[in-house]
Amino acid sequence: MSSTTTLTGKQEKFRQRMLNPFLFWMYTFGNVPAGWIAGMRLKVLNNERAVTTIPFKWLNKNPFKSIYFAVQSMAAELSTASIALLAITDRSPSVATIIVDLKAEFPKRATGKTTFTCEDGQRIFDAVELAISSGQPQTVTAKTTGTLQDGTIVSVFHFTWSFKQRSK
């Protein structure tokens with residue numbers, strides 16, 4: 001497994017499209033409409049990390065005046081899923097991916113714009129590489145932490161992704 005991964009041309013193109021605000025808006029509108037309505041944004045995406053945000057607005061809040069946990073889950077998943085999608089882009093043979101487990105903690109209420117940061121990109125890329133080289137399904141658990149603008153941790157998610165080489 002490599003210690004650093006260089007993106008292919010198609011992966012870099014995918015990365016740039018996902019980071020383009022208008023194209024990302026169109027992507028969520030067509031593919032993740034609940035994320036579009038909630039206002040999810042992708043701020044950083046590379047082979048090492050991804051950063052997403054979710055605003056605090058009336059549509060996203062619960063009766064306790066904080067961001068509903070399902071809305072936090074969408075933005076948290078995006079911070080790990082965007083890396084997973086980047087890692088499987090332009091792979092031959094192609095690789096399928098799916099979430100097989102999820103754990104979450106909510107130590108504080110999310111009462112403002114929340115930013116989710118996943119720094120497990122290299123582990124995700126390594127799992128994809130191993131799935132291809134071994135021909136065996138691989139899993140990796142990626143952690144993403146949700147923080148308010150002042151740095152307060154409001155949620156921590158652990159998404160377990162499975163990667164499996166598709167039949168040729």
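Before you select anything, know how the pieces get their names: helices (H or I, at least four residues) and strands (E, at least two) are DSSP runs, numbered from the N terminus. Residues are numbered from 1 along each chain as its sequence is written, and side-chain values use heavy atoms, leaving out hydrogens and water. You're looking at a predicted model, where local features need pLDDT of at least 70 and side-chain atom pairs count only at pLDDT 80 or more, while totals for chains, interfaces and linings use all residues.

**Stop 1: the sheet**

Switch to cartoon view and colour the strands. Six of them make an open sheet, ordered β1-β2-β4-β5-β6-β3, with antiparallel pairing. Two strands count as paired if DSSP finds at least two bridges between them. Now select 41–45 (β1) and 95–105 (β3): these stand at the edges with a single partner strand each, so one side of each has no neighbour in the sheet. From one strand to the next, the twist averages 25°. (Axes here are lines fitted to C-alpha atoms, for helices over the stretch in contact, and angles between N-to-C directions run from 0 to 180 degrees.)

Strands β3 and β6 pair in the antiparallel sense over ten bridges.

Next, show 121–134. That's helix α5, packed on the sheet and touching β3, β5 (138–147) and β6. Its direction makes about 165° with that of β5. Contact, by the way, means heavy atoms within 4.5 Å.

**Stop 2**

Select 9–19, helix α1, and show side chains. Which residues of α1 are buried? They are Gln-11, Phe-14 and Met-18. (Buried means under 20% relative accessible area, exposed over 50% and partly exposed in between, using a 1.4 Å probe and protein chains only.) Look down the axis of α1: the buried residues fall within an arc of 60°, so they line one face of the helix. That arc is taken from the directions running from the helix axis to the C-beta atoms. On the face turned away from the buried side, find the exposed residues Gly-9 and Lys-13. And what do the buried residues of α1 pack against? Show α2 (21–31), β1, α4 (69–88) and α5.

**Stop 3: the rings**

Colour Phe, Tyr and Trp; for Trp, the six-membered ring is used. Rings pair if their centres lie within 6.5 Å; planes under 30 degrees apart count as stacked, over 60 as edge-to-face and the rest as tilted. By this rule there are ten aromatic pairs. In Trp-25 and Phe-29, the ring centres are 5.9 Å apart and the planes at 10°, so this pair is stacked. Both sit in helix α2, four residues apart, about one turn of the helix. Trp-25 is partly exposed at 34% relative accessible area, and Phe-29 is partly exposed at 44%.

Jump to another stacked pair, Phe-157 and Phe-159, at 5.7 Å centre to centre with 10° between the planes. Buried or exposed, these two? Both Phe-157 and Phe-159 are buried. Ring pairs also link them into a cluster with Tyr-68, Phe-69, Phe-106 and Phe-116.

**Stop 4: the core**

A nonpolar core is a set of buried Ala, Val, Leu, Ile, Met, Phe, Trp, Tyr and Cys residues joined through side-chain atoms within 4.5 Å. The largest one has 39 residues, and among those touching the most other members are Leu-45, Ile-83 and Trp-161. Helix α4 gives the most to this core, with eleven residues.

**Stop 5: a contact in close-up**

Select Asp-120, in the loop between β4 and α5. At 15% relative accessibility, Asp-120 counts as buried. Leaving out residues up to four places away in sequence, Asp-120 touches Glu-48, Thr-141, Ala-142 and Lys-143. Hop over to Thr-141, which is in strand β5 and is partly exposed at 33%.

**Stop 6**

Most residues other than glycine have a negative phi, and most peptide bonds are trans. Zoom in on the bond from Ser-92 to Pro-93: this one is cis, with omega near 0°. Pro-93 lies in the loop between α4 and β3. Asp-90 is in the loop between α4 and β3, and has a positive phi of about 65°. Last, find Lys-65 in the loop between β2 and α4, where phi is near 60°; Lys-65 is exposed, at 58%.
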